[in-house]
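Please keep the model in view while reading.

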Amino acid sequence: MTAPTVSVIMAAYNGAAWLPETLQSLAAQTFPDFEVLVVDDCSTDDTRDLVASWPDARIRLIALDANGGPVRARNRAVAEARGRYLAALDQDDLCRPDRFARQVAYLDAHPDVALLGTNVEFLRGRSIRPSGYSAHTSPALLDWLVRIGNPLAWSSVMVRTTAARALDPFTRPDILYAEDFDLYHRIRPHGRIARLDTPLLLYRQHAGGASQRYTATMEASATRVLADAYAAVFEDEAPARAALIVRHLVAGQPPAGRADLAAVGDTLTRLLAAHRAEHAPTPADWRLIKWETARRWAQVGRAGLRSGSLTLADLVATRPAHLGLGYAGPEALLWSGMIGGARRTAARRRTLAQAFAAKIIRPGPSRAKT
(Lines give C-alpha, C1' and ligand atoms only; values in the text may rest on other atoms or scores of the structure.)
Protein backbone atom coordinates (compact mmCIF):
# COMPACT_ATOMS: atom_id res chain seq x y z
CA MET A 1 0.00 0.00 0.00
CA THR A 2 1.38 3.39 -1.00
CA ALA A 3 1.92 5.74 1.94
CA PRO A 4 -0.20 8.92 1.87
CA THR A 5 1.31 12.39 1.85
CA VAL A 6 -0.60 13.54 4.93
CA SER A 7 -1.60 11.72 8.10
CA VAL A 8 -4.31 13.48 10.11
CA ILE A 9 -3.86 12.81 13.83
CA MET A 10 -6.99 13.11 15.94
CA ALA A 11 -7.72 12.22 19.56
CA ALA A 12 -11.39 11.43 20.09
CA TYR A 13 -13.39 11.20 23.28
CA ASN A 14 -17.18 11.35 23.36
CA GLY A 15 -17.14 13.28 20.10
CA ALA A 16 -20.08 11.69 18.31
CA ALA A 17 -21.94 15.02 18.20
CA TRP A 18 -19.05 16.78 16.43
CA LEU A 19 -17.25 14.13 14.39
CA PRO A 20 -19.61 13.85 11.40
CA GLU A 21 -19.16 17.51 10.45
CA THR A 22 -15.40 17.31 11.09
CA LEU A 23 -14.98 14.22 8.91
CA GLN A 24 -17.13 15.77 6.20
CA SER A 25 -14.78 18.78 6.14
CA LEU A 26 -11.94 16.35 5.46
CA ALA A 27 -13.85 14.64 2.68
CA ALA A 28 -14.19 18.07 1.02
CA GLN A 29 -10.42 18.63 0.82
CA THR A 30 -9.12 19.48 -2.63
CA PHE A 31 -5.94 17.55 -1.76
CA PRO A 32 -7.15 13.94 -1.38
CA ASP A 33 -3.90 12.09 -0.58
CA PHE A 34 -4.30 11.67 3.17
CA GLU A 35 -5.24 9.22 5.89
CA VAL A 36 -7.07 10.02 9.12
CA LEU A 37 -6.05 8.28 12.34
CA VAL A 38 -8.84 8.68 14.88
CA VAL A 39 -7.70 7.42 18.27
CA ASP A 40 -10.73 6.69 20.43
CA ASP A 41 -9.81 7.19 24.09
CA CYS A 42 -12.46 4.85 25.53
CA SER A 43 -15.48 7.00 24.68
CA THR A 44 -18.74 6.24 26.45
CA ASP A 45 -20.91 7.48 23.56
CA ASP A 46 -21.14 6.25 19.94
CA THR A 47 -17.78 7.68 18.83
CA ARG A 48 -16.13 4.31 18.23
CA ASP A 49 -19.01 2.84 16.19
CA LEU A 50 -19.40 6.07 14.22
CA VAL A 51 -15.75 6.09 13.14
CA ALA A 52 -15.63 2.35 12.47
CA SER A 53 -18.62 2.56 10.13
CA TRP A 54 -17.64 5.82 8.40
CA PRO A 55 -17.84 5.26 4.60
CA ASP A 56 -14.32 6.44 3.71
CA ALA A 57 -11.43 3.97 3.54
CA ARG A 58 -8.99 6.75 4.48
CA ILE A 59 -10.42 6.88 8.01
CA ARG A 60 -8.60 4.52 10.41
CA LEU A 61 -9.92 3.81 13.90
CA ILE A 62 -7.44 3.09 16.68
CA ALA A 63 -9.35 1.92 19.74
CA LEU A 64 -7.47 2.27 23.03
CA ASP A 65 -7.99 -0.25 25.83
CA ALA A 66 -7.70 2.33 28.61
CA ASN A 67 -8.37 6.05 28.82
CA GLY A 68 -5.08 7.97 28.86
CA GLY A 69 -6.02 11.50 27.82
CA PRO A 70 -5.66 13.41 24.54
CA VAL A 71 -1.87 13.78 24.64
CA ARG A 72 -1.21 10.04 24.80
CA ALA A 73 -3.89 9.45 22.16
CA ARG A 74 -2.19 11.86 19.75
CA ASN A 75 1.21 10.32 20.43
CA ARG A 76 -0.24 6.92 19.52
CA ALA A 77 -1.50 8.36 16.23
CA VAL A 78 1.95 9.79 15.47
CA ALA A 79 3.52 6.39 16.10
CA GLU A 80 1.22 4.75 13.53
CA ALA A 81 1.13 7.54 10.94
CA ARG A 82 2.46 6.73 7.46
CA GLY A 83 2.44 10.20 5.86
CA ARG A 84 5.45 12.46 5.47
CA TYR A 85 3.40 15.28 7.01
CA LEU A 86 1.23 15.17 10.13
CA ALA A 87 -1.90 17.33 10.20
CA ALA A 88 -3.27 18.11 13.65
CA LEU A 89 -7.05 18.27 14.02
CA ASP A 90 -9.32 18.12 17.05
CA GLN A 91 -12.59 16.23 16.83
CA ASP A 92 -14.74 19.37 16.84
CA ASP A 93 -12.85 21.68 14.43
CA LEU A 94 -13.44 22.08 10.69
CA CYS A 95 -10.97 22.41 7.81
CA ARG A 96 -11.50 24.74 4.88
CA PRO A 97 -11.39 22.78 1.58
CA ASP A 98 -7.96 24.03 0.49
CA ARG A 99 -6.18 23.65 3.84
CA PHE A 100 -4.12 20.53 3.01
CA ALA A 101 -3.33 21.64 -0.55
CA ARG A 102 -1.91 24.95 0.61
CA GLN A 103 0.04 23.56 3.56
CA VAL A 104 1.59 20.72 1.54
CA ALA A 105 2.62 23.14 -1.22
CA TYR A 106 4.26 25.46 1.31
CA LEU A 107 6.15 22.70 3.14
CA ASP A 108 7.31 21.20 -0.14
CA ALA A 109 8.67 24.61 -1.17
CA HIS A 110 10.26 25.46 2.23
CA PRO A 111 12.35 22.52 3.48
CA ASP A 112 13.68 24.64 6.36
CA VAL A 113 10.18 24.82 7.94
CA ALA A 114 9.34 22.01 10.36
CA LEU A 115 5.91 23.18 11.49
CA LEU A 116 3.32 25.22 9.61
CA GLY A 117 0.08 26.62 11.01
CA THR A 118 -2.64 28.73 9.44
CA ASN A 119 -4.78 31.57 10.64
CA VAL A 120 -8.21 30.54 11.89
CA GLU A 121 -11.74 31.79 12.34
CA PHE A 122 -13.87 31.10 15.40
CA LEU A 123 -17.08 29.11 15.09
CA ARG A 124 -19.68 29.54 17.82
CA GLY A 125 -22.92 27.82 16.97
CA ARG A 126 -23.33 28.75 13.30
CA SER A 127 -21.72 32.17 13.70
CA ILE A 128 -18.22 32.70 12.26
CA ARG A 129 -16.02 35.56 13.44
CA PRO A 130 -12.37 36.55 13.03
CA SER A 131 -9.83 35.30 15.53
CA GLY A 132 -7.66 37.51 17.70
CA TYR A 133 -4.44 36.06 16.30
CA SER A 134 -1.96 38.32 14.52
CA ALA A 135 -3.17 39.21 11.04
CA HIS A 136 0.29 39.15 9.44
CA THR A 137 3.19 36.92 10.45
CA SER A 138 6.66 35.80 9.45
CA PRO A 139 8.83 32.99 10.82
CA ALA A 140 10.90 35.64 12.64
CA LEU A 141 7.78 37.06 14.30
CA LEU A 142 6.62 33.58 15.37
CA ASP A 143 10.05 32.95 16.94
CA TRP A 144 9.27 35.92 19.16
CA LEU A 145 5.57 35.36 19.76
CA VAL A 146 6.09 31.86 21.20
CA ARG A 147 8.04 33.57 23.99
CA ILE A 148 5.04 35.61 25.13
CA GLY A 149 2.04 33.45 24.22
CA ASN A 150 0.66 30.78 21.93
CA PRO A 151 0.47 32.18 18.37
CA LEU A 152 -0.95 29.07 16.67
CA ALA A 153 -4.15 27.06 16.96
CA TRP A 154 -3.26 23.39 17.34
CA SER A 155 -5.84 22.15 14.83
CA SER A 156 -4.29 24.32 12.11
CA VAL A 157 -0.81 22.81 12.43
CA MET A 158 1.00 20.55 9.94
CA VAL A 159 4.35 19.06 10.97
CA ARG A 160 7.08 17.17 9.12
CA THR A 161 6.92 13.59 10.36
CA THR A 162 10.72 13.38 10.53
CA ALA A 163 10.83 16.38 12.89
CA ALA A 164 7.95 15.01 14.98
CA ARG A 165 9.67 11.68 15.46
CA ALA A 166 12.92 13.35 16.42
CA LEU A 167 11.13 14.40 19.62
CA ASP A 168 10.69 11.92 22.46
CA PRO A 169 7.83 12.06 23.13
CA PHE A 170 6.11 14.02 20.38
CA THR A 171 3.98 15.86 22.93
CA ARG A 172 4.58 15.63 26.68
CA PRO A 173 1.71 14.29 28.80
CA ASP A 174 2.95 16.23 31.85
CA ILE A 175 2.36 19.58 30.07
CA LEU A 176 -1.37 19.02 29.99
CA TYR A 177 -3.53 21.40 27.91
CA ALA A 178 -0.44 23.37 26.86
CA GLU A 179 1.28 20.46 25.13
CA ASP A 180 0.98 22.20 21.75
CA PHE A 181 2.63 25.35 23.11
CA ASP A 182 5.41 23.19 24.55
CA LEU A 183 5.82 21.46 21.18
CA TYR A 184 6.37 24.77 19.38
CA HIS A 185 9.31 25.43 21.70
CA ARG A 186 10.77 21.93 21.50
CA ILE A 187 10.53 21.50 17.73
CA ARG A 188 12.41 24.71 16.91
CA PRO A 189 15.88 23.03 16.77
CA HIS A 190 14.53 20.80 13.99
CA GLY A 191 13.30 23.58 11.71
CA ARG A 192 11.49 26.88 11.57
CA ILE A 193 7.88 27.63 12.48
CA ALA A 194 5.72 29.44 9.95
CA ARG A 195 2.07 30.30 9.38
CA LEU A 196 -0.19 30.86 6.39
CA ASP A 197 -2.06 34.05 7.20
CA THR A 198 -5.22 32.92 5.39
CA PRO A 199 -7.85 31.40 7.75
CA LEU A 200 -7.97 27.73 6.71
CA LEU A 201 -9.60 26.34 9.85
CA LEU A 202 -12.81 26.91 11.79
CA TYR A 203 -11.97 26.64 15.48
CA ARG A 204 -15.12 25.63 17.30
CA GLN A 205 -15.84 27.35 20.62
CA HIS A 206 -18.28 25.65 22.95
CA ALA A 207 -18.70 25.00 26.65
CA GLY A 208 -17.32 21.46 26.37
CA GLY A 209 -13.99 22.54 24.86
CA ALA A 210 -10.81 21.89 26.83
CA SER A 211 -9.78 25.56 26.71
CA GLN A 212 -13.00 26.46 28.51
CA ARG A 213 -12.95 23.62 31.08
CA TYR A 214 -9.29 23.40 32.07
CA THR A 215 -8.12 27.00 32.15
CA ALA A 216 -6.18 26.75 35.43
CA THR A 217 -4.29 23.63 34.30
CA MET A 218 -3.55 25.20 30.94
CA GLU A 219 -2.14 28.36 32.53
CA ALA A 220 0.00 26.38 34.97
CA SER A 221 1.44 24.29 32.13
CA ALA A 222 2.10 27.36 29.97
CA THR A 223 3.91 28.96 32.91
CA ARG A 224 6.20 25.92 33.14
CA VAL A 225 7.02 26.18 29.44
CA LEU A 226 7.85 29.90 29.62
CA ALA A 227 9.83 29.54 32.85
CA ASP A 228 12.17 27.18 31.01
CA ALA A 229 12.38 29.58 28.07
CA TYR A 230 13.13 32.56 30.35
CA ALA A 231 15.80 30.92 32.49
CA ALA A 232 18.73 32.34 30.51
CA VAL A 233 17.39 35.90 30.82
CA PHE A 234 15.88 35.97 34.32
CA GLU A 235 17.58 33.04 36.11
CA ASP A 236 15.84 32.55 39.50
CA GLU A 237 13.15 35.09 38.60
CA ALA A 238 12.08 33.10 35.52
CA PRO A 239 9.04 31.35 37.10
CA ALA A 240 7.65 34.63 38.47
CA ARG A 241 8.22 36.43 35.16
CA ALA A 242 6.60 33.56 33.26
CA ALA A 243 3.57 33.62 35.57
CA LEU A 244 3.27 37.39 34.99
CA ILE A 245 3.22 36.98 31.20
CA VAL A 246 0.75 34.10 31.29
CA ARG A 247 -1.54 35.94 33.70
CA HIS A 248 -1.73 39.15 31.70
CA LEU A 249 -0.82 38.38 28.06
CA VAL A 250 -2.26 34.87 27.79
CA ALA A 251 -5.16 34.84 30.26
CA GLY A 252 -5.97 38.54 29.81
CA GLN A 253 -6.26 39.36 33.51
CA PRO A 254 -5.95 43.10 34.29
CA PRO A 255 -2.90 44.29 36.25
CA ALA A 256 -3.46 44.84 39.96
CA GLY A 257 -2.00 48.34 39.74
CA ARG A 258 0.84 50.50 38.44
CA ALA A 259 3.61 48.27 39.83
CA ASP A 260 2.10 45.20 38.16
CA LEU A 261 1.89 46.97 34.79
CA ALA A 262 5.46 48.24 35.17
CA ALA A 263 6.62 44.66 35.77
CA VAL A 264 4.95 43.55 32.53
CA GLY A 265 6.70 46.34 30.62
CA ASP A 266 10.07 45.53 32.19
CA THR A 267 9.67 41.84 31.36
CA LEU A 268 8.82 42.55 27.74
CA THR A 269 11.71 45.04 27.42
CA ARG A 270 14.30 42.59 28.71
CA LEU A 271 12.94 39.70 26.66
CA LEU A 272 12.95 41.83 23.50
CA ALA A 273 16.55 42.89 24.04
CA ALA A 274 17.68 39.30 24.56
CA HIS A 275 15.71 38.09 21.55
CA ARG A 276 17.12 40.78 19.26
CA ALA A 277 20.68 40.03 20.36
CA GLU A 278 20.21 36.31 19.75
CA HIS A 279 18.28 36.34 16.46
CA ALA A 280 19.25 39.65 14.78
CA PRO A 281 15.91 40.09 12.94
CA THR A 282 15.82 42.11 9.74
CA PRO A 283 14.53 45.70 10.01
CA ALA A 284 11.19 44.61 8.53
CA ASP A 285 10.83 41.75 10.99
CA TRP A 286 11.89 43.98 13.89
CA ARG A 287 9.17 46.47 13.04
CA LEU A 288 6.63 43.65 12.98
CA ILE A 289 7.90 42.29 16.31
CA LYS A 290 7.68 45.73 17.94
CA TRP A 291 4.20 46.31 16.53
CA GLU A 292 2.80 43.03 17.82
CA THR A 293 4.48 43.48 21.22
CA ALA A 294 3.09 46.99 21.53
CA ARG A 295 -0.37 45.72 20.62
CA ARG A 296 -0.22 43.19 23.43
CA TRP A 297 1.09 45.70 25.96
CA ALA A 298 -1.77 48.02 25.02
CA GLN A 299 -4.26 45.20 25.61
CA VAL A 300 -2.86 44.71 29.12
CA GLY A 301 -3.07 48.45 29.82
CA ARG A 302 -6.60 48.76 28.48
CA ALA A 303 -7.71 45.77 30.57
CA GLY A 304 -6.42 47.62 33.62
CA LEU A 305 -8.16 50.84 32.58
CA ARG A 306 -11.47 49.07 32.04
CA SER A 307 -11.26 47.19 35.34
CA GLY A 308 -10.49 50.39 37.24
CA SER A 309 -7.16 49.10 38.58
CA LEU A 310 -5.22 51.61 36.43
CA THR A 311 -5.56 55.22 35.39
CA LEU A 312 -4.29 56.94 32.27
CA ALA A 313 -1.54 58.44 34.43
CA ASP A 314 -0.42 54.92 35.37
CA LEU A 315 -0.29 53.92 31.71
CA VAL A 316 1.76 56.97 30.72
CA ALA A 317 4.14 56.66 33.68
CA THR A 318 4.95 52.98 33.05
CA ARG A 319 5.02 52.80 29.26
CA PRO A 320 8.20 51.26 27.85
CA ALA A 321 10.01 53.78 25.66
CA HIS A 322 10.04 51.46 22.64
CA LEU A 323 6.33 50.61 22.91
CA GLY A 324 4.75 54.00 23.59
CA LEU A 325 1.08 53.48 24.35
CA GLY A 326 0.91 50.34 22.29
CA TYR A 327 -0.34 52.17 19.19
CA ALA A 328 -3.73 52.50 20.85
CA GLY A 329 -5.58 55.59 19.74
CA PRO A 330 -6.43 58.25 22.35
CA GLU A 331 -10.16 57.61 21.91
CA ALA A 332 -9.76 53.93 22.84
CA LEU A 333 -7.65 54.79 25.87
CA LEU A 334 -10.01 57.51 27.04
CA TRP A 335 -13.03 55.28 26.63
CA SER A 336 -11.33 52.47 28.61
CA GLY A 337 -10.37 55.04 31.26
CA MET A 338 -13.96 56.27 31.51
CA ILE A 339 -15.22 52.72 32.00
CA GLY A 340 -12.60 52.15 34.70
CA GLY A 341 -13.44 55.45 36.39
CA ALA A 342 -17.10 54.50 36.54
CA ARG A 343 -16.18 51.16 38.07
CA ARG A 344 -13.95 52.78 40.69
CA THR A 345 -16.76 55.17 41.60
CA ALA A 346 -19.23 52.29 41.85
CA ALA A 347 -16.77 50.33 43.99
CA ARG A 348 -16.33 53.29 46.37
CA ARG A 349 -20.09 53.65 46.70
CA ARG A 350 -20.44 49.96 47.49
CA THR A 351 -17.71 50.25 50.12
CA LEU A 352 -19.44 53.23 51.74
CA ALA A 353 -22.79 51.46 51.67
CA GLN A 354 -21.28 48.38 53.27
CA ALA A 355 -19.55 50.52 55.88
CA PHE A 356 -22.81 52.24 56.81
CA ALA A 357 -24.58 48.89 56.93
CA ALA A 358 -21.89 47.52 59.25
CA LYS A 359 -21.98 50.74 61.33
CA ILE A 360 -18.33 51.38 60.60
CA ILE A 361 -19.24 54.85 59.41
CA ARG A 362 -21.90 56.39 61.63
CA PRO A 363 -23.96 59.43 60.69
CA GLY A 364 -23.49 62.47 62.88
CA PRO A 365 -25.97 63.23 65.72
CA SER A 366 -29.30 64.57 64.54
CA ARG A 367 -30.33 68.09 65.51
CA ALA A 368 -33.65 68.67 67.21
CA LYS A 369 -36.02 71.03 65.46
CA THR A 370 -36.66 74.34 67.12
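Helices H11 and H12 are roughly antiparallel to each other, because their angle counts as over 145 degrees. This is a predicted model, in which local features need pLDDT of at least 70 and side-chain atom pairs count only at pLDDT 80 or more, while totals for chains, interfaces and linings use all residues. Residues are numbered from 1 along each chain as its sequence is written, and side-chain values use heavy atoms, without hydrogens and water.

**H11 and H12**

- H11 (residues 258–279) and H12 (residues 283–307) pack at an angle of about 165°, and their axes are 11 Å apart.
- Contact (heavy atoms within 4.5 Å) involves residues of H11 including Leu 261, Leu 268 and Arg 276, and residues of H12 including Trp 286, Trp 297 and Gly 301.

**Burial of E1**

- All seven residues of strand E1 (residues 6–12) are buried, meaning under 20% relative accessible area with a 1.4 Å probe, protein chains only.
- Val 6, Val 8, Met 10 and Ala 12 point one way from E1, and Ser 7, Ile 9 and Ala 11 point the other way.

**Partners of E1**

- Strands pair if DSSP finds at least two bridges between them.
- E1 runs parallel to strand E2 (residues 34–40), joined by seven bridges, and Met 10 has Val 38 of E2 as its bridge partner.
- E1 also runs parallel to strand E4 (residues 85–88), with four bridges; Val 8 has Ala 87 of E4 as its bridge partner.

Definitions and conventions:
Buried means under 20% relative accessible area, exposed over 50%, partly exposed in between (1.4 Å probe, protein chains only). Helices (H or I, at least four residues) and strands (E, at least two) are DSSP runs, numbered from the N terminus. Axes are lines fitted to C-alpha atoms, for helices over the stretch in contact, and angles run from 0 to 180 degrees between N-to-C directions. Angles under 35 degrees count as roughly parallel, over 145 as roughly antiparallel, 65 to 115 as roughly perpendicular and the rest as oblique.
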